[in-house]
Amino acid sequence: MKSWLTRLKHIAYNTAFIYNIRMMIAFAGTAFVPYLLGYQLATIPLTLGVVAAGLSDIDDRFSLRILNQTYTYIGFFITAASIQLLFPHPVLFAIGLIISCIGLILLGSLGRRYATIAYGCLVISVYAMLGVDLFEDWYTQPALLVVGAVWYGLISTISFLLFPVRQLQDKLSQSYASLGDFLFAKSNLFDVDMTPGSYQQSLIDLSMENGKLIGLFNELKTALLTRLKGDRGQKDTRRSLQYYFIAQDIHERADSAHIDYQKLAKIFEHSDILFRFQRILAIQGKACKDLSESILKREPYIHSKRFKHAFENLKHSLQKLRSEQQYDQVWVNALFALYQNLKSIDAQLRNLETERYIKLDKTKHIENQLKDDDLKGWDDMVIRIKQHLTPESVLFRHAIRLSAVLLIGYIFVQVTNIEYGYWILLTALFVTQPNFNATKRRLRLRIVGTLVGILVGYSILYFIPSVEGQLLLLVVSGILFFELRSKQYAQATAFITILALINFNLDGMGFAAALPRMIDTLIGCALAWFGVSFIFPDWKFRRLPRTIRRALNAQCDYLTEVVEQYKTGRNNGLTYRVVRRAAHNTDAELASLISTLATEPDFDASQKAQAFELLCLNHTFISYIAALGAHREKIEDPEILTLLDKALEDIRGALLNDEVPDLSSQNMLHTIRQRLSQNHQEDQQGLIILQQLSLMLTILHQLSQLKQSLSHDRDQNATELASL
């Protein structure tokens with residue numbers, strides 16, 4: 001009996017299972033209720049309404065969820081009704097298409113909520129084009145599309161009320177799983193057999209994993225903030241907030257670098273010390289994965305007993321290195337600092353279950369621990385939209401590009417009168433992405449998925465002629481589309497194609513629509529490729545220099561805050577976490593941009609090599625700052641405080657103003673290190689500061705040179721383009 005209860009509990013906490021049940025109920029309602037009422041034609045707009053509402057679903061607290069759904073339904077009706085009323089007037093329709101497309105995309109500048117609702121309205125507009133001739137009255141299809149959306153919204157809201165923190169727990173679990181992947185990637189840097197090429201690739205992999213983790217942290221922060229505003233410190237939210245802060249602290253410590261790993265591997269290549277560090281990082285990554293599973297299953301996390309033995313052996317190895325005097329003590333001290341950092345991560349994981357019961361005194365204090373990025377009023381809305389009214393904005397270029405692609409597609413349909421031509425617009429809408437790389441990837445997957453979907457769908461219509469059987473497969477296709485849409489785009493496209501063929505077969509158009517759908521998909525993909533290649537193409541609006549400057553500026557702000565806390569004492573308050581998050585956000589943005597630029601047509605080999613070298617150095621630099629931040633405590637030594645200020649001045653000057661730093665910082669480093677050595681002081685904190693500043697100053701010139709070189713190349717290209 002107990003095992004059955006355990007299984008039921010695991011099923012209840014299985015988010016994917018609950019989500020699929022929700023979608024099954026939604027699609028079953030739109031498929032079989034009209035069938036039972038003898039109004040089968042209504043299945044088409046009702047099902048499409050569910051799809052659009054599912055794509056527009058936003059995780060939020062209850063009050064805002066209801067408000068979001070209200071905005072969505074109003075937007076759906078206005079959009080669909082406009083399509084119906086303007087459709088007989090091609091010129092007015094084309095004008096409305098351009099204005100609405102640009103307006104809806106720019107609405108995304110106001111935040112995630114508005115971007116999601118706007119995208120849903122764009123989807124519903126094309127769905128309305130597909131069924132514009134299905135009903136006699138202009139209001140019937142818009143009303144049925146909204147009814148389908150309301151039906152999905154009702155089921156979604158009930159699911160939210162039954163499991164109010166489910167999506168928050170999912171994001172928390174995903175964050176710890178990603179943190180585990182980050183630790184695994186970090187452990188690869190301790191491989192003593194790595195070559196220079198494999199070391200750079202390991203750094204690139206680490207930077208990419210860092211970007212994924214930062215993205216999940218940002219999503220988790222948004223989910224936490226909206227709930228903290230609504231539940232006034234509810235227990236599960238407080239617990240999740242503590243887990244979030246602990247994850248951030250582990251990330252800062254794990255991302256920190258106390259030494260040049262490539263030199264470290266050469267120096268200790270015949271010692272067991274690096275293998276021990278690598279192993280501990282790997283089992284800490286496994287611990288984060290286990291914690292992720294515990295969060296999903298809502299079970300207590302049990303810290304592995306392997307850690308105690310592993311840390312004892314590591315400590316003995318370090319003490320042996322120190323006593324043998326075989327290696328430079330600078331390296332040994334750095335290894336001891338790294339050991340302390342890993343011990344701190346271990347302590348965070350070991351004490352996690354006691355942290356969950358921490359009670360915070362004031363709800364207001366809880367809310368103030370997270371920076372609120374929501375809109376503050378109409379003035380804020382105007383400012384945000386104005387910021388994107390320039391070709392330099394990715395969002396603006398995407399708005400112009402997509403509206404132009406849809407307009408070209410609409411004109412093509414009007415001129416050629418091609419059968420089922422509005423699938424062209426639907427394909428172009430789904431495939432066209434803000435950058436070239438993402439669009440190119442979707443083109444291939446969309447074509448493959450559509451072809452497979454048509455072949456399978458055609459077989460279904462032929463071998464399962466009964467309406468009941470087709471409706472059952474419609475439900476299954478809808479469930480699988482939503483299950484796979486963020487994981488396997490080609491498979492998701494295949495299932496939505498099957499759903500569409502079955503859907504329109506209810507009006508007798510299934511067999512006839514198969515081949516035209518394939519042709520329309522190819523034309524839509526061709527239009528999407530044309531749009532990203534020739535309409536405001538990304539490579540004519542290089543963002544690399546600006547992104548590099550933002551990343552380096554954020555790093556300098558992070559270092560400034562760390563230096564300040566060496567003067568005033570450790571403080572994990574909002575100011576520190578905001579600058580730290582900004583530094584990691586811009587690092588992730590730089591990694592994403594460089595990986596995207598590397599796939600573009602005119603990104604030559606030398607620029608690519610320099611860009612990836614800068615990416616590695618940039619992440620290394622932020623790792624050095626993170627190590628300095630992980631050990632920050634108030635110090636009294638005036639010489640070290642002066643050194644920190646001087647080093648900060650040199651770093652800011654070199655990275656932000658392209659200044660050549662003098663040697664005073666290096667001389668001060670050498671002098672202070674000699675003083676500490678001669679006095680035989682056990683000032684570990686002072687030694688860590690010296691080591692980290694030394695590492696930063698070592699790569700400072702190279703990082704500054706790469707920044708100047710890439711900025712010069714980009715500026716030169718921009719000048720050449722402007723002269724054309």
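A cavity is a set of points on a 1 Å grid over the protein atoms alone where a 1.4 Å probe fits but cannot get out, and its lining residues have an atom within 4 Å of a point. Grid points are joined across faces, edges and corners, and a volume is the space filled by probe spheres set on the points.

This is a predicted model: local features need pLDDT of at least 70, side-chain atom pairs count only at pLDDT 80 or more, and totals for chains, interfaces and linings use all residues. Residues are numbered from 1 along each chain as its sequence is written, and side-chain values use heavy atoms, with hydrogens and water left out.

The count comes to 7 cavities of 30 Å³ or more. Two are set out here.

| Cavity | Volume | Top contributor to lining |
|---|---|---|
| Largest | about 120 Å³ | α4, 5 residues |

Helices are DSSP runs (H or I, at least four residues), numbered from the N terminus.

The lining of the largest cavity includes Asp 57, Arg 65, Tyr 73 and Tyr 152. Two or more residues come from each of α4 (62–86) and α7 (140–162). By class, this lining has 5 nonpolar, 5 polar and 2 charged residues. Ala, Val, Leu, Ile, Met, Phe, Trp, Tyr, Cys and Pro count as nonpolar, Asp, Glu, Lys and Arg as charged, and the others, Gly among them, as polar.

Among the residues lining the second largest cavity are Trp 423, Arg 446, Phe 504 and Arg 517. Its lining has 10 nonpolar, no polar and 2 charged residues. The second largest cavity lies between domain 1 (1–163) and domain 3 (412–541), because both give residues to its lining. Domain bounds come from an automatic or database domain assignment.

Note on methods:
1 Å grid on protein atoms, 1.4 Å probe; cavity = no way out; pocket = protein on both sides within 12 Å on 5 of 7 lines; lining within 4 Å.
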